[in-house]
Amino acid sequence: MPGGGPLTREDRRAQIDARFDETFAVFDERMRKEQEAVSKERASRSGSGTGSGGGFEDDDGISRDGSGTGGEASSAGGEGGMNGAYDGEGEGNDRGTRGDGQEESSGGGGGGVGGGGPAGGSGPSDVPSDIPDGSDDDIVARQLREAAMKETDPELRERLWAEYRKYKKATQ
Amino acid sequence: MKGPSIRRAAVVLAMAASAALSACVVQDQRPTERVVVEKATTEIPQEQLLDVGIMLFDPNIPDDPEEREKQRIFPDVREAEARYMPVVLRDTLEGTGYWGQVRVLPRNVTSMDVYIRGTIIKSTGEELEFDLDVTDVTGRRWFSKTYKGKADTRAYKDIPSRPIDPFEALYHTVANDLIAARRELSSAELVQIRQVSDMRFAADLAPYAFGEYLQQDRDGRYSVVRLPADGDPVAQSMQRVRERDYSLIDTLNEHYSSFNSTMSEPYTNWRKYSYEELEAESEARRQAMTKQILGAVAVVGGIVAGSGASSSAASAAATAAVIGGAYAFKSGFDQRAEVKMHSETVRQLGESFQMEIQPMVVDVEGRTLQLKGSAEEQYAEWRRLLKELYEHETGLPATVGPAT
């Protein structure tokens, strides 16, 4: 800005524009960082495992192969979309673009569900020999396992183990 | 006249048993019929592509804990679903090619062309029901409708790596209804909707500059009276602000997408398993009722037969019928215990999943609130700058209403 003297009309306008630019830059940077953080989180979640499944036949025109590989192309769509929104200044018709971000694999092994493990207090003798170690149990299986291990009524306990077997078989 | 009244009772019970038995053979069609979602076959002109905002659904959680228990509503699960379902709908709509940007919006956000507001009525692994109210930014109501559907059990069979929503048919129906509603509008009306949303956004931020461009009729419907001149500096700056508004909503949507992808697998498992338990509960209930009714019929029948038995063989048969009936009746009671066990399992599954999902809901809610909070500071600054720019460009004070 020129020093001294009153600001001209153009100077004043340039000053306002510069302040707009400044605030836009701060905002864009904030959004970029936020996007980056979400992308990283999603990548780390989906990157830890692979999954596959039968899926549906494609008679509705939407591709569903029912398979995915953890970490692959995770959230890339989201990032691209956001950049489009940032770069779109001055385009009269540009209403921004959101990356669809739907190509993320939900990753068979991801999900942050794990942890916990069998509840303490029950010895291995309570667990039938055909029951796996439970290291890959999801939340439902874990709950069933814990309930079975805690159950004192032998009949009910066996039914809970039966439910556990059934569930594990269905989710293998 | 004891005999006829007992016989009448036996007939009534037999009819009830028959009804109960016929209930056993009624089956829903599962997998459910596939609904093919319509897709655009030609490119839609840019100026007719409407942006769709899907508000987070109303979780519709009763205040009364007893009512929640009765309806088997787990509040944190419902809160999660209120975020999850709009994202599923968003993804479905995006796949049709009929719309511009489709975004999930936190409550009280405006500036889109079409708004979808949903209320969850019922959501279990078996059944989903929600109300939708669709309007556009001009104030036109597109439709209000209740959607209800049974789970497609194929979604529960393989638990594929990318879970498929068991109520996909419902979302496809919504997508097709929206396309049908859009088709009823003329090209000019579609263009006008976009213009109104541009102006409403602008008038919201700078009413002194853009308020006059809009008018509202007696029914509250908005229309655009005129448009800013090409090269209008305030309009140009407004456009840049609007791009940031989209950017903010995009970022919020990334959070919602992330939330969905995290929730998807345990949610599908929960729905699958609770579906099985609900089915088992329902089957056990039907069996219990049938056994009890048939048992009662046998007992009453045995008594009736015994009262008129002329031989010792007939009398023995009648006694056997009474004993057999009593056994069946007791067996029905035992089955009631199984019903209770399934009900308890459903409750435990819900509570367990609720505990797992609750921190995820808190996390996504916290992040979106934080993001909105910090953006609001920026908006305040942009409002101020727009005002300054307007006053500089026009030489008029920035006041709402016609300047004199």
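In chain B of this predicted model, two helices pack side by side through a defined set of residues: Val88(B), Leu89(B), Thr92(B) and Leu93(B) of H3(B) meet Tyr171(B), His172(B), Val174(B), Ala175(B) and Leu178(B) of H5(B). Sorted by class, this contact holds seven nonpolar residues, two polar ones and no charged ones.

Now look at how the helices are set. H3 of chain B spans residues 75–94, and H5 of chain B spans residues 168–183. Their axes come within 9 Å and cross at roughly 55 degrees. That angle falls between the ranges for roughly parallel, under 35 degrees, and roughly perpendicular, 65 to 115. H3(B) and H5(B) are therefore oblique to each other. The crossing of H3(B) and H5(B) is right-handed.

Next, turn to the loops. Most residues other than glycine have a negative phi. Two residues of chain B are worth checking against that.

Take Asn60(B). Its phi is near 55 degrees, a positive value in a residue that is not glycine. Asn60(B) sits in the loop that joins strand E1 (52–55) to helix H2 (65–70) of chain B. Burial would take 20 or more.

Arg72(B) comes next. Arg72(B) is not a glycine either, yet its phi is positive, about 55 degrees. Arg72(B) belongs to the loop between H2 and H3 of chain B. Around Arg72(B), 16 other C-beta atoms lie within 10 Å, so this residue too is partly exposed.

Definitions and conventions: Residues are numbered from 1 along each chain as its sequence is written. Chains are lettered from A and ligands numbered from 1 in the order in which they are written. This is a predicted model: local features need pLDDT of at least 70, side-chain atom pairs count only at pLDDT 80 or more; totals for chains, interfaces and linings use all residues. Axes are lines fitted to C-alpha atoms, for helices over the stretch in contact, and angles run from 0 to 180 degrees between N-to-C directions. Helices (H or I, at least four residues) and strands (E, at least two) are DSSP runs, numbered from the N terminus. Angles under 35 degrees count as roughly parallel, over 145 as roughly antiparallel, 65 to 115 as roughly perpendicular and the rest as oblique. A crossing is left-handed if the near helix is turned anticlockwise from the far one by less than a right angle, and right-handed if clockwise. Two residues are in contact if their C-beta atoms, placed from the backbone, lie within 7 Å. Ala, Val, Leu, Ile, Met, Phe, Trp, Tyr, Cys and Pro count as nonpolar, Asp, Glu, Lys and Arg as charged, and the others, Gly among them, as polar. A residue is buried if 20 or more other C-beta atoms lie within 10 Å of its own, exposed if 12 or fewer, and partly exposed in between; C-beta atoms are placed from the backbone.
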